[in-house]
Amino acid sequence: MRRSTGGNDDAADDVSGDAVTPIDLAGWLAQAGLRNMLLEELVDGFGRRLNEADLRVERMFLGMNTLHPMVRARSLIWDAAGGIGQHFEFAHSEIDSTEIRSSPFATMLLDGISERRRRVDGIDDLGGVPVFEELRAAGMTEWIGWVQPFGELSLQVGTPAEAEHSERLGLVVSTSTDRSDGFREADVAFLREVLPVFALAVKAISMRGIGHGLLAAYLGDDPAGRILAGTVRRGEVQSVEAVVLFTDLRGFTALADTMPGHEVIALLDDYFNCMVQPIVARDGEVLKFMGDGMLAAFAVVLDDRAEVCATALAAAEEILARIDALNIDRRNSGQRATSLDVSLHIGRVLYGNVGSDSRLDFTVIGPAVNEASRIEALCQPLGQSLLMSQAFAEAATASRDRLVSLGRHRLRGVREETELFGLAGQRP
């Protein structure tokens, strides 16, 4: 969903001295892009420098599409009085919203127009465009919009079903003035000279965010941050203590053999959505999807083992509750449904880069991961949807009174039997 937030209090360097020239501003923009300045600081510094050059820009709008599973576009509004006032995010489904389709940029993208000027003080017909009506009410006199692609392909609005392309990313930007006679020709010439450099600086900054967003979507937020920070060498791992959460859909292979492929994918998406959200909401890391299973971990830091165990247990309970609700909805709509098995274990794992010299995976490995997988395999034989190891039960002191022993059992590949635990009152 689109969300709006307050402004950013950070500001770029103060503008002072002689009037800013296009060459001065282009040089500042180049350095800002090279230094990966925050986007908000870049936009604020750019707007204030335009006004230092006597362009009298009262409002600036900036919008970009992006490559992200959840977010289709982002935008922000800057004004001369308060700086960055609002941020917006649009989901893929919102690309067909009235707010997007009624934007003046929608027709520019459709018609392949890279620049458009409009008087908004009554001289030109506003054509019922909401943003022009808003600008008129705010006392603006003229609006200028530009479309700047970041790649070889032309920008387009697209549909919710169409994915963006790395060569179809770009920027839309507009400036508005309240000068009585609108922008002067010298102002427009100034803007035309510096806007390509501004777009290049925005591209340099935004591509890092796009890269992090894609890495986080496929690997998790913590691995994405570590990789961008330089943890990229094969075998570069660290030993950490973590609660390992392992899940597997019961009877999925047999179920998938009786369903069309597109229905199988839709089913997996529904169930994985139930699994992922409770983990991410509690700062856990979803590390891998393995067919119809999932591997996640909650790191133990500062010897907070009991708290982390309680958090992981709460996530597991929410996952199972979401699965129950999903199954009711699917059965009520005539769709196939299945159950989920979950295991929790705690131990030391190796966390980092594993793989070949040309293909790496950022994950956790070690005996604790193997044991979590083998504990999960006993859920169905023991008639339990959630099983916990003896090590987890011993560490989960804050939750111990909720756990019940299910006796000692042998795990595949493990010589000694181990005690397993279920949740009091758990339904099979």
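The side chain of serine 343 reaches the backbone oxygen of alanine 372 at 2.7 Å, a polar contact (a pair of N or O atoms within 3.5 Å; within protein, one must be able to donate a hydrogen and the other to accept it, and residues adjacent in sequence count only if both atoms are side-chain atoms). This is a predicted model, in which local features need pLDDT of at least 70 and side-chain atom pairs count only at pLDDT 80 or more, while totals for chains, interfaces and linings use all residues. Residues are numbered from 1 along each chain as its sequence is written, and side-chain values use heavy atoms, leaving out hydrogens and water.

Serine 343 lies in strand 11; helices (H or I, at least four residues) and strands (E, at least two) are DSSP runs, numbered from the N terminus. Is serine 343 buried or exposed? Serine 343 is buried, with a relative accessible area of 0%. Here, buried means under 20% relative accessible area, exposed over 50%, and partly exposed in between (1.4 Å probe, protein chains only). Leaving aside neighbours within four places in sequence, the residues in contact with serine 343 include Val244, Phe246, Ile375 and Leu387, where contact means heavy atoms within 4.5 Å.

Valine 354 also has its place in strand 11 (residues 340–355). At 32% relative accessibility, valine 354 counts as partly exposed. Together with Val237, Leu350 and Ile365, Val354 makes a nonpolar surface patch of about 260 Å². Patches are made of residues with over 30% relative accessible area and no salt bridge, with like charges joined within 9 Å and nonpolar side chains (Val, Leu, Ile, Met, Phe, Trp, Tyr) within 5 Å. The accessible areas come from the Shrake-Rupley method with a 1.4 Å probe, and for residues only the protein chains shown count as cover.

**Charged pairs**

Side chains of opposite charge can pair when their charged atoms come close. A salt bridge is a side-chain nitrogen of Lys or Arg within 4 Å of a carboxyl oxygen of Asp or Glu, and by this rule the count comes to 19 salt bridges. Here are some of them:

| Pair | Closest N and O atoms |
|---|---|
| Arginine 184 and aspartate 54 | 3.5 Å |
| Arginine 117 and glutamate 142 | 2.8 Å |
| Arginine 322 and glutamate 318 | 2.9 Å |

Where do the partners sit? Arginine 322 and glutamate 318 both lie in helix 10 (residues 305–332), four residues apart, about one turn of the helix. Arginine 322 is partly exposed at 29%, and glutamate 318 is partly exposed at 25%. Salt bridges that share partners also join Asp54, Arg179, Arg184 and Asp187 into one network.

Arginine 117 forms its salt bridge with glutamate 142. This pair links distant parts of the chain, with arginine 117 in strand 5 (residues 115–119) and glutamate 142 in strand 6 (residues 142–149), 25 residues apart. Arginine 117 is partly exposed at 28% relative accessibility, whereas glutamate 142 is buried at 4%.

**Arginine 59**

Arginine 59 has its place in strand 2 and is partly exposed, with a relative accessible area of 22%. Its side chain makes a polar contact with the side chain of glutamate 134 (3.0 Å). Which residue is 76 residues away from arginine 59 in sequence and 9.0 Å away in space, C-alpha to C-alpha? That residue is leucine 135. Not counting residues up to four places away in sequence, arginine 59 touches several residues, among them Ile77, Trp78, Leu135 and Ser174.
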